[in-house]
Amino acid sequence: MQTELRILHLEDEPLDSELVGNLLRSEGMAVAIDTVETMPAFAEAVERGGYALILSDYTVPGMDVAEALHLARRVRPEV
(Lines give C-alpha, C1' and ligand atoms only; values in the text may rest on other atoms or scores of the structure.)
Protein backbone atom coordinates (compact mmCIF):
# COMPACT_ATOMS: atom_id res chain seq x y z
CA MET A 1 0.00 0.00 0.00
CA GLN A 2 1.27 3.45 -0.96
CA THR A 3 1.93 6.00 1.78
CA GLU A 4 -0.29 9.05 1.50
CA LEU A 5 1.52 12.33 0.86
CA ARG A 6 0.10 15.07 3.10
CA ILE A 7 0.01 18.47 1.43
CA LEU A 8 -0.85 21.89 2.83
CA HIS A 9 -2.20 24.13 0.06
CA LEU A 10 -2.58 27.88 0.55
CA GLU A 11 -5.22 28.62 -2.07
CA ASP A 12 -8.30 30.83 -2.29
CA GLU A 13 -9.93 28.94 -5.18
CA PRO A 14 -11.26 25.51 -4.11
CA LEU A 15 -11.37 24.34 -7.72
CA ASP A 16 -7.63 25.01 -8.12
CA SER A 17 -6.85 22.89 -5.08
CA GLU A 18 -9.11 20.15 -6.41
CA LEU A 19 -7.31 20.28 -9.77
CA VAL A 20 -3.92 19.88 -8.06
CA GLY A 21 -5.19 16.84 -6.17
CA ASN A 22 -6.71 15.31 -9.28
CA LEU A 23 -3.51 15.83 -11.27
CA LEU A 24 -1.35 14.19 -8.61
CA ARG A 25 -3.78 11.29 -8.24
CA SER A 26 -3.88 10.81 -12.03
CA GLU A 27 -0.10 10.30 -11.84
CA GLY A 28 -0.62 7.52 -9.30
CA MET A 29 0.17 9.46 -6.15
CA ALA A 30 -1.80 8.97 -2.95
CA VAL A 31 -2.36 12.46 -1.56
CA ALA A 32 -4.32 14.18 1.18
CA ILE A 33 -4.61 17.92 0.66
CA ASP A 34 -5.61 20.38 3.38
CA THR A 35 -6.54 23.70 1.79
CA VAL A 36 -6.41 26.96 3.74
CA GLU A 37 -7.35 30.45 2.54
CA THR A 38 -6.16 32.80 5.30
CA MET A 39 -2.93 33.57 7.11
CA PRO A 40 -4.32 32.53 10.53
CA ALA A 41 -5.46 29.18 9.11
CA PHE A 42 -2.11 28.74 7.34
CA ALA A 43 -0.15 29.55 10.49
CA GLU A 44 -2.23 27.11 12.53
CA ALA A 45 -1.74 24.32 9.98
CA VAL A 46 2.02 24.94 9.76
CA GLU A 47 2.30 24.88 13.56
CA ARG A 48 0.30 21.64 13.71
CA GLY A 49 2.63 20.10 11.14
CA GLY A 50 2.54 16.67 9.58
CA TYR A 51 2.91 17.88 6.00
CA ALA A 52 5.42 16.61 3.48
CA LEU A 53 4.80 19.47 1.06
CA ILE A 54 3.47 23.02 1.21
CA LEU A 55 2.04 24.58 -1.96
CA SER A 56 0.88 28.16 -2.34
CA ASP A 57 -0.89 30.26 -4.89
CA TYR A 58 1.16 33.39 -5.35
CA THR A 59 -1.82 35.73 -5.55
CA VAL A 60 -4.15 35.02 -2.64
CA PRO A 61 -6.14 38.22 -1.98
CA GLY A 62 -5.25 39.84 1.32
CA MET A 63 -2.23 37.57 1.83
CA ASP A 64 1.47 38.28 1.82
CA VAL A 65 2.75 35.00 0.41
CA ALA A 66 6.35 36.02 1.13
CA GLU A 67 5.34 36.22 4.80
CA ALA A 68 3.73 32.78 4.54
CA LEU A 69 6.95 31.38 3.04
CA HIS A 70 9.01 32.96 5.81
CA LEU A 71 6.70 31.46 8.46
CA ALA A 72 6.86 28.00 6.89
CA ARG A 73 10.66 28.10 6.65
CA ARG A 74 10.99 29.24 10.26
CA VAL A 75 8.50 26.79 11.80
CA ARG A 76 8.92 23.78 9.48
CA PRO A 77 12.32 24.06 7.76
CA GLU A 78 12.24 20.32 7.02
CA VAL A 79 9.26 20.72 4.67
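**Reading a predicted fold**

User: What does helix H2 lie across, and at what angle does it run to E1?
Analyst: In this predicted model, helix H2, residues 39-48, lies across E1, E2 and E3. Its direction is about 155 degrees to E1. Angles here run from 0 to 180 degrees between N-to-C directions.

User: What makes E1 and E2 a pair of strands?
Analyst: Two strands pair if there are at least two bridges between them. Strand E1, residues 5-10, and E2 have six bridges, in the parallel sense. Six meets the cut-off of at least two, so E1 and E2 count as paired. In one of these bridges, histidine 9 has threonine 35 of E2 as its partner.

User: In what order do the strands stand, and why are E2 and E3 called edge strands?
Analyst: The three strands form an open sheet in the order E2-E1-E3, with parallel pairing. Strand E2 (31-36) and strand E3 (53-56) each have a single partner strand, so one side of each is left without a neighbour in the sheet. From one strand to the next, the twist averages 25 degrees.

User: Why is serine 17 called buried?
Analyst: Buried means under 20% relative accessible area. Serine 17 has 6% relative accessibility, so it counts as buried. The residue is found in helix H1. Leaving aside neighbours within four places in sequence, serine 17 is in contact with His9, Glu11, Ile33 and Thr35.

User: How do you know where the buried residues of H1 lie around the helix?
Analyst: The buried residues in H1 include Ser17, Gly21 and Leu24. Seen down the axis of H1, the buried residues fall within an arc of 65 degrees, so they line one face. As background, an α-helix has 3.6 residues a turn, so residues three or four places apart point the same way. The buried residues of H1 pack against E1 and E2. The face turned away from the buried side carries the exposed residues Leu15, Leu23 and Ser26.

User: What span does H1 have, and what is expected?
Analyst: Helix H1, residues 14-26, has 13 residues and reaches 18 Å from its first C-alpha to its last. That is close to the 18 Å expected at 1.5 Å a residue. After H1 comes glycine 28, with a positive phi near 90 degrees.

User: Which residues touch the most other members of the largest nonpolar core?
Analyst: The core has 14 residues, and those with the most contacts to other members are Leu8, Leu10, Met39, Phe42, Met63 and Ala68. E1, H2 and helix H3 (65-75) are the elements that give two or more residues to this core. Alanine 68 touches Leu10, Met39, Phe42 and Met63, not counting residues up to four places away in sequence.

Notes
Residues numbered from 1 in each chain as written. Predicted model: local features only at pLDDT ≥ 70, side-chain atom pairs only at ≥ 80, totals over all residues. Heavy atoms only, no water. Helix = DSSP H or I, 4+ residues; strand = E, 2+ residues; numbered from the N terminus. Contact = heavy atoms within 4.5 Å. Core = buried A, V, L, I, M, F, W, Y, C linked by side-chain atoms within 4.5 Å. Buried < 20%, exposed > 50% of the residue type's maximum accessible area, 1.4 Å probe, protein only. Expected span 1.5 Å × (residues − 1). Arc of directions from axis to C-beta.
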